[in-house]
Amino acid sequence: MSTFLRATSLALIVMSAAGSTAADPRAVVRGDLDDGLRDQIIRAIGEVDEPAGNRFEARRRARAAAEAAEALLRSEGYYQSTIRDEVEGETSPSAVIVVEPGPRFELTPPGVDWVGAPPEPEVAARAAGDIALTPGDPGRAADVIAAEGRLVASLSRQGYADATAQPRRVVVDHAALTVAPTYRIDAGDLVTLNGVRVETRGPTNPAWVQRLAPWRDGRRYDPDLVGELERRLTETGVYDGVGVALAPADQTTADGDRPVVVTLTDSPRRVLEAGVTYSTAEGSGVDALWTWRNRFGRADTLRFQARLATIDSRIGAELSLPHWRAPGRTLRLESAVVAEDTDAYRRQALVLNADVTQRLGRTSWFSYGVGLDAGRYEESRFDASTNPPQLLRLDRDLAILTTRASAYIDRSNDPLDPTQGWRVSVSAQPTAVAGEDTVLFVRTEATGTFYQPVDEQGRTVVAGRARFGSVIGGSELTVPSDRLFYSGGGGSVRGYAYQGVNPRLPDDTPRGGLSLVEASVEVRRDFARNLGGVVFVEAGSVGFDETPSFDDVRYAAGVGVRYNLPFGPIRADVAFPLDKRDGDADFQLYISIGQAF
C-alpha cells in the first residue's frame, strides 16, 4: 500500500508540472514503448529551458527524469518497470532514460470494509455497483481513487450524507501481477430532512423559502434536491450570495431529522440606473431605470422605467414574481404608456400585460399571457384593391386584446457564445381588434438556430438561423401596423436599417407585411485566446399573403470581430446591403454583447 501511495502522490506532482512551456524535454526517452505511453512519460518528466551545461547537470536531469517516469509508470499499473538513467556526449552532454515498462498489473474485484455500522443492504449493494471497476482492467491509480469517490457519492445520494472514506488498502501482488483495492468506508447514519431554516437578516419571508424546498419533511437526504433549492433561489437574481447546506449532525431533531440551512445575501435593494444608446439603424435614446428588489419579501423585482428614444419612448412599471404558485413559474405584470415613431407608423397607447412563464429544465420554457393595448394609430397603407393601387393615410383609435402562447427549447451549450447544438422558439397570438375597425386574426412566428463546430477544438463554428412568420385571418388594411411584419436591422437582416428590408410605399415609408421569412449563415473563427472573427450572409423577405413569399428577397453580407470575455463575446459587425435601393446606407455598424444569434 505504501508503494502505491508514494507512486500516486509523486505521479500527481510531476503531472501537475507538465504544463511547462519550455522547448526541450528534460531527457531523451528510449525503449520499447507504445506511442501513448511514451507521450505520457515525456509529459511527466517535463521540459527545460536550455541544454545541460556539463555532464554533472545532465546526470542530475536524467535521475530526476527517471524518478518521474517511474512514478508515472506505477500510477499506470507498471510495477515491474526497469529504468536506466544515462548521459551521452562529452562536449554537449544530454540526459537519456531507457525504459522497459514490464508487464501491466491488472485489477482484482474491489472490496469494501465498513467502518462502523453498514448502510442498508440495498444501499450497500447499489453503492458497490457504482464503484465501476472491472476486474482485469489496468491497475491505474487514478481509476482506483476515482472509484472511491463514486462509492462515497453513491452513499450520499442514497441518504447517507455523512459518509466518508477512511485510508484505503491497496495490495500490489508482484507474483500474481495484480492490484487489489479495498475501500474502508464510514457510512454514518441515514439522514432524513426536516425542512428549511433561513438564516438571514434580509426581508425575505422564510415561509416563502420553505415552500420552494423540493422535498417534504422526513424525505431521505439527496444532494440533488438540496442543489435544486439553491438553484431556485439563485435564478431569482435578487441575491448576491445563496448558501444551502445540510445542518451539522449535532442539530438533528428529536425525530431524527436534520434541517437544511439557507443563508441569503441580498443584492442592493434599490438601484437607480441611467443609460444612453445610439444606433445607425435605430437612432438614439436615453433610459432611466429604478429597480426595487424584494419589495414583498419573496424575491420579487419591481422596476420603473422611463425612456426617451427616436423610435420607442415609454414610461411604465413592471413587477416580476418568481416561483409564483409553483417552482420555476414566473408572473410578470406590466403597464406602460408608449409612443412609437417608426418609418411605417406612429402609435400612442396604454399597454397592459400579464404573462406567466414556466421553466422547463435549465434553459427552456413555455409561456402564456394576455395583453391589452388601447391608443391611436397613424399609419400609411397600400390599397391593392384599387386600380391603380392607392396610398392611404389611416388615423384610428383602436383597442387590441391579445392572448399569447410561446415556447423556447434550448439545446445549445452556451447562452451567449454557443458552439454546438440548436434552439427553437415558436409563438402564436390570437388577437381581437375593436374601435374604428373590428378584426380577428392570429399572428404566428417560428425561429430556429443551429451551431455546428467544424474542427475538434471548436475554434471554427458554422451557425445558421431561419425565421418564419404569418398573420392568419386578417388583411393588410385591417391588421394594426405594429402587428404586421417588418425586417431589417440588428437581430434581423444586418446591412439594412430598421424595417429597411420591407418594400416601400410611394411616400417612402416601409410597407408592413402579412408574412416574413429570414435566413442567416455565419462562420465564426477564434484566431487567438480572446480574439475571433466572423463572416456572414443574411437574407429577408416580407410578403403580403399568409404564406411567406420569396419573390422579393433582399440580401446582405458582412464581417465582424469578437473579443471573448469570461461571460461572453463583445461583437462588432459591419454589414453591407447587396440589393441597395435609393435611401439605403452603404453599410450598417453593430456593437453588442453576445453573438448575433
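## Reading salt bridges, a surface patch and a cavity

Q: In what kind of contact do the side chains of Arg525 and Asp455 meet?

A: The side chains of Arg525 and Asp455 meet in a salt bridge, with 3.5 Å from N to O, in what is a predicted model. Arg525 lies in strand E24 (residues 515-526), whereas Asp455 lies in the loop between strand E22 (439-453) and E23, so the pair ties together parts that are 70 residues apart in sequence.

Q: How many salt bridges does the count come to?

A: The count comes to 50 salt bridges. Among them is the pair of Asp586 and Lys580, whose closest N and O atoms are 3.7 Å apart; here Asp586 is exposed, with a relative accessible area of 54%, while Lys580 is partly exposed at 44%. Salt bridges can also share partners, and in this way Arg494, Glu522, Arg524, Glu538, Arg562, Arg571 and Asp573 are joined into one network.

Q: Which residues make the nonpolar surface patch?

A: The patch, of about 1000 Å², is made by Leu416, Leu531, Val561, Tyr563, Phe567, Ile570, Phe576, Phe587, Leu589, Ile591 and Ile593. Strand E26 (554-565), strand E27 (568-577) and strand E28 (588-593) are the elements that give two or more residues to this patch, and the largest share, 3 residues, comes from E28. Leu416, by contrast, lies in the loop between strand E20 (390-410) and strand E21 (421-435), and at 31% relative accessibility Leu416 counts as partly exposed.

Q: Where is empty space left, and what does rolling a probe over the atoms show?

A: Rolling a probe the size of a water molecule over the atoms shows where empty space is left. In this model the count comes to 1 cavity of 30 Å³ or more, and about 40 Å³ of space lies in the largest cavity.

Q: Which classes of residues does the lining of the largest cavity have?

A: The lining has 5 nonpolar, 3 polar and 3 charged residues, and the residues that line the cavity include Ala344, Phe382, Glu476, Tyr486 and Arg511.

Notes: Residues are numbered from 1 along each chain as its sequence is written. This is a predicted model: local features need pLDDT of at least 70, side-chain atom pairs count only at pLDDT 80 or more; totals for chains, interfaces and linings use all residues. Side-chain values use heavy atoms; hydrogens and water are left out. On a 1 Å grid over the protein atoms alone, a cavity is a set of points where a 1.4 Å probe fits but cannot get out, and a pocket is an open set with protein on both sides within 12 Å along at least five of seven lines; lining residues have an atom within 4 Å of a point. Grid points are joined across faces, edges and corners, and a volume is the space filled by probe spheres set on the points. Ala, Val, Leu, Ile, Met, Phe, Trp, Tyr, Cys and Pro count as nonpolar, Asp, Glu, Lys and Arg as charged, and the others, Gly among them, as polar. Patches are made of residues with over 30% relative accessible area and no salt bridge: like charges are joined within 9 Å, nonpolar side chains (Val, Leu, Ile, Met, Phe, Trp, Tyr) within 5 Å. Accessible areas come from the Shrake-Rupley method with a 1.4 Å probe; for residues, only the protein chains shown count as cover. A salt bridge is a side-chain nitrogen of Lys or Arg within 4 Å of a carboxyl oxygen of Asp or Glu. Helices (H or I, at least four residues) and strands (E, at least two) are DSSP runs, numbered from the N terminus. Buried means under 20% relative accessible area, exposed over 50%, partly exposed in between (1.4 Å probe, protein chains only).
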